[in-house]
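Please load the model in the viewer and keep the selection tool at hand.

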Amino acid sequence: MRAPVLLLVVLTAVACGEDSLELLEEEASDCPEAPAMRLGTLPSAAVVLNAYYLQEEATRDLRRGRTESPAVEETLAKASALGAHAVRTTGYNDAADKRGDSAMQVAPLQYDEVALRGLDLVLTRAAAYGVKLVLPLGNYWDAYGGTRRYVEWAGLPSPVEGDPRFFTERAVIDHYKAHVAHLLSRQNTFDGLRYGEHPAVLAWELLNEPRGKGLDSDGVAMRAWVDEVAAVVKQYAPGHLVGTGEEGFDTSLAGYDELFWRGAAPSPLFEGGSSFRRNTASPFIDFGSVHFYPELYGVKQDETARAGAHWFFEHAALARDVGKSLFIGEFALRNQEGYSLDERRAMYRGWFRCAWRTGAGASGPWMFANDARPDEWDEFTFYYRDGTVPADPRNRYADLVVEAAALSGTR
């Protein structure tokens with residue numbers, strides 16, 4: 001009799017596991033239906049893949065004497081094959097440790113031409129594949145230079161990662177504006193097109209993940225910076241969209257589900273010096289921007305699926321209130337801890353469905369890698385490996401990208 005009992009236990013466990021995955025997906029997709037919004041020329045609920053490394057890979061290949069970059073070709077080709085409508089990748093590289101390698105700005109308004117040609121190549125090849133680009137113009141964090149780098153260049157004392165003086169010191173702001181103007185005025189050496197008019201570009205983001213730490217509690221200083229820098233982007237790229245690149249933090253819970261967030265996320269998501277509502281209302285900003293990393297934001301594990309849904313539909317509603325679409329620029333769960341692959345897949349599928357249901361303009365899972373890129377370089381990596389189908393478990397989420405892309409434009 002033991003064998004049938006054991007079989008019953010196994011079948012019950014499998015059924016319970018399937019039920020829990022279905023519940024996760026249901027919670028992640030539990031968003032109210034709202035009118036579909038579009039991000040520029042993309043269909044509603046478009047899929048954008050994050051692949052930050054393209055300029056760096058292209059530059060290194062040009063230095064090797066190559067006329068094309070295998071990593072860029074592979075990434076763009078696979079993004080297109082999966083049905084992605086755009087790729088989000090760095091439009092900046094100011095890192096001191098990458099001088100002579102891939103850094104574009106090596107000193108204030110002094111540039112490495114080969115590194116700039118690396119970005120030229122990315123724009124030209126994206127156009128060839130019919131893949132649009134979303135390009136942040138700088139980084140809040142230290143990676144590839146960051147706000148600390150500009151504060152260092154200004155000669156200010158004791159610069160730190162995410163230095164708030166980047167947003168308030170006149171010398172730093174003027175340098176950043178001059179750099180933006182220089183970059184958007186550049187003529188691509190491969191196709192002759194000016195960056196500010198390049199058809200491959202869907203949108204420019206003012207900064208990757210600007211935060212208001214150290215700024216006023218109402219978000220006034222950040223909004224002033226947004227207005228000033230975004231006006232420069234609009235001047236030099238009038239036909240392109242402009243976004244803030246922010247994560248969606250705010251200065252209060254007004255307009256959000258206070259009861260839910262006080263129970264789900266004890267971390268200060270709504271106590272920062274930057275306001276999503278205030279920034280999105282800027283006349284120089286074309287769409288709202290959010291990211292979602294629940295494990296980094298202190299979201300309770302049993303509320304993660306629902307928290308993603310709330311983050312998406314609440315910000316989409318706030319953006320819609322000022323006549324703008326929402327771009328979910330990054331979302332991810334760690335590969336190696338916290339959740340199993342099946343659990344992460346259930347939530348990703350649900351969040352894609354939520355973005356579609358709540359009318360988001362586009363959403364972008366982090367981080368799509370070419371095959372040669374080691375898994376351990378980023379704790380959120382996924383692939384579409386050569387010789388596999390998208391649903392191969394080694395790819396993690398590639399088939400979910402296909403599913404989400406198939407929904408694009410259907411509402």
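**Aromatic pairs, then the sheet**

Begin with Tyr140, which counts as buried at 3% relative accessibility (buried means under 20% relative accessible area, exposed over 50%, partly exposed in between, with a 1.4 Å probe and protein chains only). This is a predicted model, in which local features need pLDDT of at least 70 and side-chain atom pairs pLDDT 80 or more, while totals for chains, interfaces and linings use all residues. Residues are numbered from 1 along each chain as its sequence is written, and side-chain values use heavy atoms, without hydrogens and water.

Tyr140 and Trp141 form an edge-to-face aromatic pair, 4.9 Å centre to centre with 90° between the planes; rings of Phe, Tyr and Trp (its six-membered ring) pair if their centres lie within 6.5 Å, and planes under 30 degrees apart count as stacked, over 60 as edge-to-face and the rest as tilted.

Next select Tyr52 and Tyr144, both buried. Their ring centres are 6.1 Å apart and the planes stand at 65°, so this pair is edge-to-face.

Turn to Arg385, which lies over the face of Tyr383 at 3.7 Å from the ring centre (CZ of Arg or NZ of Lys within 6 Å of the centre and within 35 degrees of the ring normal).

Finally, display the strands (DSSP runs of E, at least two residues, numbered from the N terminus). Eight of them form an open sheet with parallel pairing, in the order E7-E6-E5-E2-E1-E10-E9-E8; two strands pair if DSSP finds at least two bridges between them. At the edges, E7 (241–243) and E8 (287–292) each pair on one side only.

Definitions and conventions. Helix = DSSP H or I, 4+ residues; strand = E, 2+ residues; numbered from the N terminus.
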